[in-house]
Amino acid sequence: MENLWPRTATWTGGELSIGGLGVRELAERHGTPAYLLDQADFEARCQAWLDALPDGDVHYGGKAFLCPEIVRWISRLGLSLDVCTGGELAVAQAGGMPPERVVFHGNNKSAEELRRAVEWGIGCIVVDSFAELDRLAELVGGTTTQRVMIRVTPGVDAATHKAIATGGEDSKFGFSLARGDALQAARRVQDTPGLELYGLHSHIGSQIFDTTGFAQAAAKMAAFAGEVGVDRLDLGGGLGVAYRPGDPEPPTPFDVVTALRKEIGDLHLAVEPGRSIAAPTTVALYRIGTIKDAYVSVDGGMSDNPRPAMYGSPYTAALASRHSDAPPREVTVVGKHCESGDILVRDLPLPADLAPGDLIAVPVSGAYQRSMASNYNHVPRPPVIAVHEGVSREIVRRETESDLLRLYV
């Protein structure tokens, strides 16, 4: 499982260390469950995308995982940021992101969200519907100029789970290219005072390993860009990551950019990696509480990682706090929630001498876990601990029961 762990991960005497600190010390200092984020790995993955696209724009996909400290990191490194709600916009502002380097997505932006974005001076709004076009045109009123991109549904079916495929004709996102809606939307922007057609946007889905779909969408988008007279394409994100041993190796950022460049030529290119940056950098750390037959129960579960329950996302895990010479036995790692579907890892070989108090680490936990986490069963959400060069610090603090209670009246 070596390729699944963050770049600074090492194993000594059976104990996992990240960023120069062992998980036993981290658990003692910060408690469990916790997300342990390798800052050096995160920054290196950002840099890999910047190196692959020196003449374009890299927009970090904030929905994968976002907090003000992450905003500060990507801003310092030179990335831009895409957000898709007013809440993510607020995090971008709290982290000091320059507004001109923020792109605002979303299929149902409210008039208030649009107003906040325009008044802040946001770099670009990706328009997703005719209703949104009307809201935005009324808001700017011809008194200012707002850059917009049209989100286009290119009619490309990505090879991924249907829940995270977004490029087909039945998608809730964007304007259909085949039906002519995208052309109509582009012309309306061009004819509307105060709106500037800055470029075109598409995103075909997530957790994709084959660059064929990316290339097909790029070719369609390049042709459409020529039709409407723009020279900027934002072709989204979606590059997959390996979650388990034996999963396919994803293409590199350079592979993806090369495939896109082949189709779009000299058009200005923007990409939106999120999962491929965030996911491999983080380990979810749990403590075993109960072992019952083949069920190993930990102190977290579907509230801090809903993806296995939502759409069957597979993970792996390892004993991370000590060495064991015991033979493996197949177990299922489950959470503490009152749901039979509260399963983190199925059919996993772990040492037969597992005991309450042992620490289990789940790699590739940095994307769509903390950002999708909930308070189901009134369980407080775990902290995010950045680990770097022997120093650990909370960049998202652990929730408390007081946090849960303060919203009630």
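**Helix packing, cores and loop residues in a predicted model**

Leaving out residues up to four places away in sequence, Leu139 touches Leu114, Arg115 and Val118, where contact denotes heavy atoms within 4.5 Å. The structure is a predicted model, in which local features need pLDDT of at least 70 and side-chain atom pairs count only at pLDDT 80 or more, while totals for chains, interfaces and linings use all residues. Residues are numbered from 1 along each chain as its sequence is written, and side-chain values use heavy atoms, with hydrogens and water left out.

Leu139 is placed in helix 6, helices (H or I, at least four residues) and strands (E, at least two) being DSSP runs numbered from the N terminus. With a relative accessible area of 33%, Leu139 is partly exposed, a class that lies between buried (under 20% relative accessible area) and exposed (over 50%), as computed with a 1.4 Å probe on protein chains only. Leu139 and Leu114 are separated by 25 residues in sequence and by 8.0 Å in space, C-alpha to C-alpha.

The axes of helix 5 and helix 6 (residues 130–140) come within 10 Å and cross at roughly 50°; axes are lines fitted to C-alpha atoms, for helices over the stretch in contact, and angles run from 0 to 180 degrees between N-to-C directions. Helix 5 is therefore oblique to helix 6, given that angles under 35 degrees count as roughly parallel, over 145 as roughly antiparallel, 65 to 115 as roughly perpendicular and the rest as oblique. On the side of helix 5 the contact is made by Ala111, Leu114, Arg115 and Val118, and on that of helix 6 by Glu132, Arg135, Leu136, Leu139 and Val140.

Helix 5 (residues 111–120) also packs with helix 4 (residues 86–94), at an angle of about 25° and with the axes 10 Å apart, so that helix 4 and helix 5 are roughly parallel to each other. Gly86, Leu89, Ala90, Ala92 and Gln93 of helix 4 make this contact with Glu113, Arg116, Ala117 and Trp120 of helix 5.

The largest nonpolar core holds 100 residues, of which Phe42, Tyr60, Ile70, Ile125 and Leu200 touch the most other members; such a core is a set of buried Ala, Val, Leu, Ile, Met, Phe, Trp, Tyr and Cys residues joined through side-chain atoms within 4.5 Å. Helix 8 (residues 211–228) contributes the largest share of this core, with eight residues. Another core, of 18 residues, lies apart from it and has Leu16, Ile18, Leu285 and Ala361 among its members.

Several loop residues were also examined. Between helix 1 (23–30) and strand 4 (34–38), the loop includes Pro33, and the peptide bond leading from Thr32 to Pro33 is cis, with omega near -5°. The loop between strand 19 (359–362) and strand 20 (384–388) contains Tyr368, which has a positive phi of about 60° although it is not a glycine, and which is buried, with a relative accessible area of 13%. His378 is found in the loop between strand 19 and strand 20 as well; its phi is near 55°, a positive value in a residue other than glycine, and at 49% relative accessibility His378 counts as partly exposed.

Glu399, in the loop between strand 21 (391–396) and helix 12 (401–405), is buried, with a relative accessible area of 14%. Its side chain makes a polar contact with the side chain of Arg381 (2.6 Å), a polar contact being a pair of N or O atoms within 3.5 Å of which, within protein, one must be able to donate a hydrogen and the other to accept it, with residues adjacent in sequence counting only if both atoms are side-chain atoms.
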